[in-house]
Amino acid sequence: MEHQDPDVADAVKASGESTLEKATAKAKIKCDKFFNVSLNIAVTGRTGSGKSSFVNAIRGLKDDDDGAAPTGVTETTAEATMYEHPEMPNVKIWDLPGIGSPNFKAKKYLKDVKFDTYDFFIILTSERFTENDIMLAKEIRKQKKSFYFVRSKIDNDISAEKRKKGFDEQKVLSVIRADCQKNLKDLGDPKVFLISSFDLEEYDFESLQDTLEDELPEHKRYALLQAWPVCSAASLQKKIKMFKGMIWAVSLASAGVAVVPVPGLSAACDAGMVVSFLTTCYYSFGLDDRSLTRLSENVNKPHLRDLAKSKFVTAIREKALTRLQVSAALATISTVEYFLSLFPVVGSAAAAGISFGTTYYLLREGVNDLANTAQDIRKEAGLASVR
């Protein structure tokens, strides 16, 4: 490796492999998992438990946004309905029919909704978990998949309890949690996550993310982290760490033969992969207009969108795709050149072809720029920031 370009040597070292060939092969596998692996999340529970609002929350949507799952006090889901994540189409959230029927049969239900489709199940209630919830969980376990109990509408409970004398939020949450777990003892005292679909920064939404991360295989974890909404400083930091950890792989995989020191091959960079990676980062960090509008409304600071004016945020907003499609045909070299023109130190490299070092630099600068912008916006919003 002594004659390699320093950036190539750095990428090979980051891969943990001993040679460029092994590192490049590993990079291609890692990128395929990052961009293409699907994640299917099933959300089920009784009518009126807030399933559709939870589906919308995971997708970064409000209930009245275009494309949101319909909500209402009556059952709005007659059959399993799939909703793609708006910016990460490989992540699909399924709103399953309610399980409140007195003649509920868990095995038949799972067959009817095509059990094998889903990676895991969210069993959701806005009150106590019932016998139907328990039967369903037992059948899911029997068929060797994971389930997670979520108690929704916690914001409503807190709002009602605030009117009482001696209100103690932590005590109220403990009582609700204990009440839920009491009905689940047959399942070995599983964890119950208390959430509000309208305030993801509060309660157990982050804890649910942490648990899913811990229990999903690595390739599925990539999809979850990309799509899961930013709900805390720590959750943003995990996303940043993931994207920074992918830079070596995207550099090597997008460069292909360009890392081999043969004259005339430097332009072999897969521009589509580079642009798709940075655009995915932009959406995942919550820097798109919809995410910033929602954050602004939640903290009552309408000027937050005006802070998202860094070089890469501006470039992606103005030049990149509004909907991610991981395809070189939809993200051309000219888009990468536009990014490069923002940085005089490497801008001239575009004219001569995009070298590995240029790609590596671009990805590092891009992720750092987007990460710093996201953290600065959270700080301005009055939310804790982690550097």
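Colleague: How do the residues lining the largest pocket divide into nonpolar, polar and charged?
Modeller: There are 17 nonpolar, seven polar and nine charged residues in that lining. Nonpolar covers Ala, Val, Leu, Ile, Met, Phe, Trp, Tyr, Cys and Pro; charged covers Asp, Glu, Lys and Arg; the others, Gly among them, count as polar. Keep in mind that this is a predicted model, where local features need pLDDT of at least 70, side-chain atom pairs count only at pLDDT 80 or more, and totals for chains, interfaces and linings use all residues. Residues are numbered from 1 along each chain as its sequence is written, and side-chain values use heavy atoms, with hydrogens and water left out.

Colleague: OK, and which helix gives the largest share of that lining?
Modeller: Helix 12, with seven residues. Helices here are DSSP runs (H or I, at least four residues), numbered from the N terminus.

Colleague: New topic: where does S197 lie?
Modeller: S197 is in the loop that links strand 6 (192–194) to helix 8 (205–215). Strands are DSSP runs too (E, at least two residues).

Colleague: Is S197 buried or exposed?
Modeller: Buried, because its relative accessible area is 7%. The cut-offs are under 20% for buried, over 50% for exposed and partly exposed in between, using a 1.4 Å probe and protein chains only.

Colleague: What is S197 in contact with, neighbours within four places in sequence aside?
Modeller: S53, F54, A57 and R294. Contact means heavy atoms within 4.5 Å.

Colleague: And how many residues of helix 3 are buried?
Modeller: Eight of its eight, across residues 51–58. S53, F54 and A57 are among them.

Colleague: What follows helix 3?
Modeller: G60, with a positive phi near 75 degrees.
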